[in-house]
Amino acid sequence: MALKLDSLLITLLTLTTLIIHSAQCSDIIPETLTNWWKPIKHLKDPKVAEIGKLFVTTYNAMKNRNLEYESVIQGETQVVVAGVKYRLTTSAKEEGVSRNFVVIYFQHPVTRTGKFTYLRHLPS
């Protein structure tokens with residue numbers, strides 16, 4: 001009987017500790033969930049520019065257009081289980097007019113292969 005009472009007491013103490021700890025950490029959890037995307041600090045990084053240029057090449061082939069890459073004007077990354085996602089706002093020129101696009105590019109870290117998973121033209 002004493003063994004059952006000891007087990008019950010240990011279980012209750014453990015649960016109490018977990019509840020108190022989770023209450024203390026509850027302020028951290030919402031921030032973590034809402035800040036999955038992290039800003040890219042160096043937009044001129046060659047890797048970021050390479051993805052922007054790859055987008056223009058891919059878009060031109062898909063849409064039979066003649067965009068010219070200008071720059072990446074905003075970017076964020078998100079680390080996921082299978083790799084890294086890049087969300088970039090890319091500026092490209094067509095017939096002298098600059099146009100902005102939002103693209104999401106997924107890159108697998110081991111094979112260094114990737115694909116565009118989202119593409120949207122931003123209105124002027």
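Analyst: A nonpolar core is a set of buried Ala, Val, Leu, Ile, Met, Phe, Trp, Tyr and Cys residues joined through side-chain atoms within 4.5 Å. In this structure, which is a predicted model, the largest such core has 14 residues, and those that touch the most other members are Phe-55, Leu-67, Tyr-86, Leu-88 and Phe-101. Helix 3, strand 3 and strand 4 are the elements that each give two or more residues to this core, and the largest share, 5 residues, comes from helix 3.

The sheet itself is open and has 5 strands in the order 1-2-3-4-5, with antiparallel pairing. Strand 1 (38-39) and strand 5 (114-122) each have a single partner strand, so one side of each is left without a neighbour in the sheet. Further in, strand 2 (residues 68-80) pairs with strand 3 (residues 83-94) over 11 bridges in the antiparallel sense, and along this pairing Tyr-69 stands opposite Ala-92 in strand 3. Strand 4 and strand 5, which also run antiparallel, are joined by 8 bridges, with Val-103 standing opposite Leu-119 in strand 5. The hairpin of these two strands has 6 residues between them, and there Arg-112 takes a positive phi near 60 degrees.

Helix 3 (residues 46-63) lies across strand 2, strand 3, strand 4 (97-107) and strand 5, and runs at about 60 degrees to strand 3.

Technical notes
Residues numbered from 1 in each chain as written. Predicted model: local features only at pLDDT ≥ 70, side-chain atom pairs only at ≥ 80, totals over all residues. Heavy atoms only, no water. Pairing = 2+ DSSP bridges. Helix = DSSP H or I, 4+ residues; strand = E, 2+ residues; numbered from the N terminus. Contact = heavy atoms within 4.5 Å. Axes fitted to C-alpha atoms, helices over the stretch in contact; angles between N-to-C directions. Buried < 20%, exposed > 50% of the residue type's maximum accessible area, 1.4 Å probe, protein only.
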